[in-house]
Amino acid sequence: MRVLLFAESFLPHMNGVTNSLLHSLAHLQRRGDEAVVIAPHFESLQPLPSSVHGASVVRMPSIPAPGYPQVRVAAAGMRRLGAVFRQFRPDVVHLASPFVLGWQGLKAAERAGVPTVAVYQTDLPGYAARYGVPGAQQLLTSHLARLHGRASVNLAPSSAALADLERIGVPRLALWGRGVDTERFRPSRRNDARRAELAPEGEVVIGYVGRLAPEKQVEDLAVLADLPGVRVVIVGDGPSRPELEALMPGARFLGFRGGEELAEIVAGFDIFVHPGEHETFCQTVQEALASGVPVVATGRGGPVDLVQSSRTGWLYRPGDLADLRARVADLAGDAAKRAAFASAAVASVEGRSWRAVCEELVGHYEAAIGDAATGNAATGMETIEAAAIGTAAVRASAVRASASTANQVAETASLQAPAWSSYVALGDSLTEGLCDTSRQPEGEFRGWADRLATLLAHTREDSHLEYANLAVRSKRIAEVMDGQLPAAIRLRPELVSVLVGANDLVRLRAAPIALADRVGAGVACLAATGATVLVVGVFAPPYAGLGGLHSRMRRFNERLHRHCEVHGALFVDFAEDPILADRSSWAADRVHLSSRGHRALCYRVAEVLGIPGATEIGALDRVVHEDSPPPFEERLPALRWMWRHARPWMIRRIRGRRAGDGMQAKHAGTVAIVGRMVGRAGAPEQASAQDRKEAH
């Protein structure tokens with residue numbers, strides 16, 4: 001069997017994903033199978049291995065994950081992946097905790113007609129909340145539903161993880177646990193000399209092993225620091241270590257440890273504690289049990305399958321730190337109970353060898369290959385339907401999100417987000433959303449302002465925003481100032497955005513300064529109402545021959561920026577954003593933004609508004625979406641473009657008409673945007689009329 005494995009994380013970075021991959025590779029080598037690993041490349045003080053357990057390692061370019069530089073986000077070109085597939089000719093593709101690299105591996109496997117086995121190991125939406133970017137939760141959940149919805153087989157490590165995937169509509173699920181090395185982790189590894197170093201006064205040792213990062217909630221261990229006769233020992237490293245050391249000055253921080261040394265340290269613990277609520281399995285809990293150490297863990301996620309309350313340890317109520325303290329105190333004060341729990345802990349992991357677990361994995365490989373050979377694998381239409389079902393399930397799951405989860409998100413946010421209750425957008429076709437057809441029904445458009453409204457709703461505790469979009473295509477400055485602006489003032493919004501001027505400036509005799517002054521007067525009127533006013537400068541595609549237009553736009557923006565400074569308005573100069581130089585940011589008509597361009601503008605505006613995590617969410621959004629379309633010259637030859645797009649415009653000009661004549665704004669009155677839901681295939685969800693009535 002030839003297995004191609006995509007690893008979002010790999011050596012030298014050690015974590016649960018890397019550990020399970022290493023055991024899988026060792027098992028494949030013992031069986032005589034061939035394997036190749038696709039993994040992130042990065043600069044390292046130690047040489048990156050070119051092969052592991054007989055498997056070649058192919059490295060792909062990567063960048064540091066936001067807020068956690070030790071973790072890399074890798075991206076691979078489809079051409080390069082295609083070459084790997086042609087050369088290696090895999091029978092099956094293993095996607096280990098797929099996210100970005102795994103998503104690209106999935107698409108490459110689909111093109112090559114190779115079945116995929118996706119292994120869910122990381123609760124990315126939960127991590128987003130812990131890193132203070134709750135707005136990314138919906139994006140990541142939708143991405144997971146879409147990705148796993150297209151895999152041939154999906155493996156979850158615990159019953160909780162299996163339920164999470166079922167909840168968002170992921171099909172073709174199976175349970176695949178993790179093995180434990182009982183030769184390395186066993187009670188006989190207990191070393192009295194090492195234990196005396198950790199607790200020189202004979203204290204009860206309370207230990208934790210794992211990454212020191214927000215999603216692990218290690219700060220919760222601070223409630224144990226003043227328990228009498230105990231010593232807290234923390235093994236691991238990560239971005240949270242400085243804050244944790246300051247929070248728990250009496251604890252021992254040992255940094256990263258591995259191999260036999262780690263086994264001795266764990267066996268020297270009296271109690272193992274893991275407070276993380278986003279563990280899909282939690283291998284360190286299983287290693288502690290194998291070492292004869294009773295465990296106290298949160299009653300959520302993977303530990304629920306591993307810890308038998310009142311037999312091998314305790315499960316405490318998630319988020320209830322008083323309960324955590326009481327459970328640890330119960331064991332710390334009763335040596336006989338600890339001994340009984342320790343004996344039961346060792347017995348609970350018997351038979352969970354890595355050899356047995358990896359042979360089970362091979363069985364899933366063979367099933368995926370067999371289904372593909374007999375035509376039982378999901379068809380393209382089935383994967384699309386599964387993705388649609390997943391999206392609907394994501395919406396339902398979001399609605400069911402508990403208040404406690406929302407509170408935890410709010411408590412962990414590192415920045416206080418602005419919380420406007422109402423938003424009105426003014427402008428022309430760009431704000432109307434023309435050409436942003438991403439997951440929209442025929443004839444409907446989304447646009448950067450609609451996307452921003454949903455993002456703004458996420459910043460509010462009630463996830464509710466009143467929104468109006470008064471923009472209409474082809475409108476000029478005078479029409480927006482005389483018509484849309486008074487309508488906006490009547491709605492009394494707390495936030496107003498203005499993007500207009502391109503339709504005026506395309507005229508050769510346009511006067512940029514006078515036009516900017518006209519918009520500036522409107523900005524003054526809006527600012528006088530007490531609303532936050534955000535102005536987006538005009539911009540144009542990067543065509544050769546548009547130097548005159550770019551010059552007029554530059555003068556217009558400079559003058560308008562000054563008006564914004566005088567009246568206290570925010571100004572976004574998107575014309576300077578490098579993403580506009582990428583022609584995939586422009587639609588096939590070569591005039592309006594593509595969906596990619598609208599997404600970029602949305603997150604650029606969100607940054608200026610001070611929405612926490614806007615930069616990180618924008619970066620994630622770019623990498624989890626489908627491949628960008630090729631440049632427009634490749635999509636539509638010049639003559640066909642002229643016939644399809646330029647000809648209708650010329651005919652309208654000859655007849656003295658414009659595209660927006662007779663059109664009404666899509667949201668001329670306010671609609672309720674519910675931030676924790678997404679509407680039809682990702683559009684902002686509008687509340688029912690009854691909901692809007694109650695909101696007012």
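The legends below describe close-up views of a predicted model. In this predicted model, local features need pLDDT of at least 70 and side-chain atom pairs count only at pLDDT 80 or more, while totals for chains, interfaces and linings use all residues. Residues are numbered from 1 along each chain as its sequence is written, and side-chain values use heavy atoms, with hydrogens and water left out.

**View 1. Eight strands form an open sheet of mixed pairing.** The 8 strands follow the order β3-β4-β2-β1-β7-β8-β9-β10; here helices (H or I, at least four residues) and strands (E, at least two) are DSSP runs, numbered from the N terminus. Two strands are said to pair if DSSP finds at least two bridges between them. The edge strands, β3 (51-52) and β10 (173-175), each pair on one side only. Helix α2 (residues 78-88) packs on this sheet and touches β1 (2-7), β2 (34-40), β4 (55-60) and β7 (92-96), where contact means heavy atoms within 4.5 Å. The direction of α2 makes about 155 degrees with that of β1; axes are lines fitted to C-alpha atoms, for helices over the stretch in contact, and angles run from 0 to 180 degrees between N-to-C directions.

**View 2. Strand β1 pairs in the parallel sense with β2 and with β7.** The pairing of β1 with β2 runs over 5 bridges, and that of β1 with β7 also runs over 5 bridges. V3 has A35 as its bridge partner in β2 and V92 as its bridge partner in β7, whereas F6 stands opposite I38 in β2. On the other hand, β2 and β4 are joined in the parallel sense over 5 bridges, and the bridge partner of P40 in β4 is M60. Both β1, with 5 of its 6 residues buried, and β2, with 6 of its 7 residues buried, are mostly covered; buried means under 20% relative accessible area, exposed over 50%, and partly exposed in between (1.4 Å probe, protein chains only).

**View 3. Strand β8 runs parallel to strand β9.** Here 3 bridges join β8 (residues 116-119) to β9 (residues 153-156), and V117 stands opposite V153 in β9.

**View 4. Six strands form an open sheet with parallel pairing.** The order of these 6 strands is β13-β12-β11-β14-β15-β16, and the edge strands β13 (252-255) and β16 (313-316) each pair on one side only. From one strand to the next, the twist averages 20 degrees. Strand β12 (residues 230-235) pairs with β13 over 3 bridges in the parallel sense, and V233 stands opposite R252 in β13. Helix α12 (residues 321-332) lies across β11 (204-209), β12, β14 (271-274), β15 (295-298) and β16, and runs at about 170 degrees to β16.

**View 5. L560 is a buried residue in helix α22.** Helix α22 spans residues 547-567, and L560 within this helix has a relative accessible area of 1%. Leaving aside neighbours within four places in sequence, L560 is in contact with A516, V519, G520, V535 and F571. The C-alpha atoms of L560 and V523 are separated by 9.4 Å, although these two residues are 37 residues apart along the chain.

**View 6. Helix α18 is mostly covered.** This helix (residues 448-458) has 11 of its 11 residues buried, including W448, D450, R451 and H458.
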